[in-house]
Amino acid sequence: MQDIKIWAALSLSLLAPAPQVEARQIDDLYVARAIVTGQGEKNRQPGFRDCLERVLIRVSGDQRLPKNPGYERLRASAGDYVSTFSYRDRLAGKAIHDEQGTYDRPHDLTCRYDLAVINNVLAKLGSRPWLEKRPTLAVFLDVQPNGSPYRVSPVDPRDLAMRESFALGAEPMAMEVRFPAQGDIDAWALGPAAHELSERAEAVGADLPLVGRLMWSDVDLGWVATWRLSAGGVEQRWTVRGVNFDEAFRVAVRGVAQIRSGNGSP
């Protein structure tokens, strides 16, 4: 209850005009997970460092925090900021397969943090919590492989891997994604005032339309992804080259978070 009161007071002090994160979402924001090998101290410390970076970016939306001059000093004592932690064996139910016992079995390390502690760390880095309600994205994604181009569909089995990958990429930033039904709309050609995109987004329960183009490049040895987000009449574009589509989708979500949290351009 005390954490909720602190959160409410901080929200009022910042006078944020956007819809605020609901109290029930607070605990989820202050949790991070990393994959570690075994449960020993040797593997736990790298996991703590990974989780600290993840939770700071998750709470603030600021993708540039790891480049902050003061970040490395905080990272060196990452375990000090953890409130509680737990493990989940990723191979639970499977027999041990070698003489090393459970040492090399991968585990999900879940770290939970106190709201006030993480907010204080962010303040030391010149940042703050992102209090705006995390948007659900309507993704209009055109794919141009070596073969025929297509738009990712909400139902086509062909696109299942991409839909699942995008959802996984959105989770670290506490976002969700939707894929509007197929249509003849040229989402890429429409500009910031594209009311039709917004209507399509609302129709699938999303808050913002995100337009993407994914092109295979032999030169770049991977996908070239360009993303476009329009909000409040302002359009932002960002590109990543030579990546798999998992990373292309993570770049998309991180870019949205960077913009919507008020931390600048991707």
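**Entry 1: Gly222**

I looked up Gly222 and found 2% relative accessibility, so Gly222 counts as buried. The cut-offs I use are under 20% relative accessible area for buried, over 50% for exposed and partly exposed in between, with a 1.4 Å probe and protein chains only. The model is predicted: local features need pLDDT of at least 70, side-chain atom pairs count only at pLDDT 80 or more, and totals for chains, interfaces and linings use all residues. Residues are numbered from 1 along each chain as its sequence is written, and side-chain values use heavy atoms, with hydrogens and water left out.

Gly222 is found in strand 8. I take helices (H or I, at least four residues) and strands (E, at least two) as DSSP runs, numbered from the N terminus. Which residues touch Gly222, leaving aside its neighbours within four places in sequence? I listed Met215, Trp216, Ser217, Gly242 and Val243, where contact means heavy atoms within 4.5 Å. I also checked Phe245, 23 residues from Gly222 along the chain, and found their C-alpha atoms separated by 8.4 Å.

**Entry 2: strands 7, 8 and 9, with strand 4**

I then followed strand 8 (222–231). Nine of its ten residues are buried, so I noted strand 8 as mostly covered. For pairing I require that DSSP finds at least two bridges between two strands. Strand 7 (208–217) runs antiparallel to strand 8, and eight bridges join them. On this pairing, Ser217 stands opposite Gly222, and Val211 has Arg228 as its bridge partner. The two strands form a hairpin with four residues between them, and Leu221 in the turn has a positive phi of about 55 degrees.

Strand 8 is also joined to strand 9 by eight bridges, again antiparallel. I noted Val234 in strand 9 as the bridge partner of Ala231. This hairpin has two residues between its strands, and its turn holds Gly232 with a positive phi of about 65 degrees.

Strand 7 is mostly covered too, with seven of its ten residues buried. I found eight bridges between strand 7 and strand 4, which run parallel. Val143 stands opposite Leu214 in strand 7.

**Entry 3: helix 8**

What do the buried residues of helix 8 pack against? I found strand 4 (136–144), helix 6 (160–170), strand 7, strand 8 and strand 9 (234–243). The buried residues of helix 8 include Ala248, Phe249, Val251, Gln258 and Ile259. Helix 8 (residues 245–260) has 16 residues and reaches 23 Å from its first C-alpha to its last, close to the 22 Å expected at 1.5 Å a residue. The expected span is 1.5 Å times one less than the number of residues. Just after helix 8, I noted a positive phi of about 80 degrees at Gly262.

I looked up an open sheet of three strands, in the order 1-3-2 with antiparallel pairing. Strand 1 (31–37) and strand 2 (84–89) stand at the edges with a single partner strand each, so one side of each lacks a neighbour in the sheet. The twist averages 25 degrees from one strand to the next. Strand 1 pairs with strand 3 (residues 106–112) over seven bridges in the antiparallel sense. One of the positions I checked is Val31, whose bridge partner in strand 3 is Arg112.

Helix 3 (residues 41–60) lies across strand 1, strand 2 and strand 3, running at about 150 degrees to strand 1. Axes are lines fitted to C-alpha atoms, for helices over the stretch in contact, and angles run from 0 to 180 degrees between N-to-C directions.

Next I took helix 5 (residues 115–124), which packs with helix 3 at an angle of about 85 degrees, with axes 11 Å apart. The two helices are therefore roughly perpendicular to each other, a label for 65 to 115 degrees; under 35 counts as roughly parallel, over 145 as roughly antiparallel and the rest as oblique. Leu52, Val55, Leu56, Val59 and Ser60 in helix 3 meet Ile118, Asn119, Val121 and Leu122 in helix 5.
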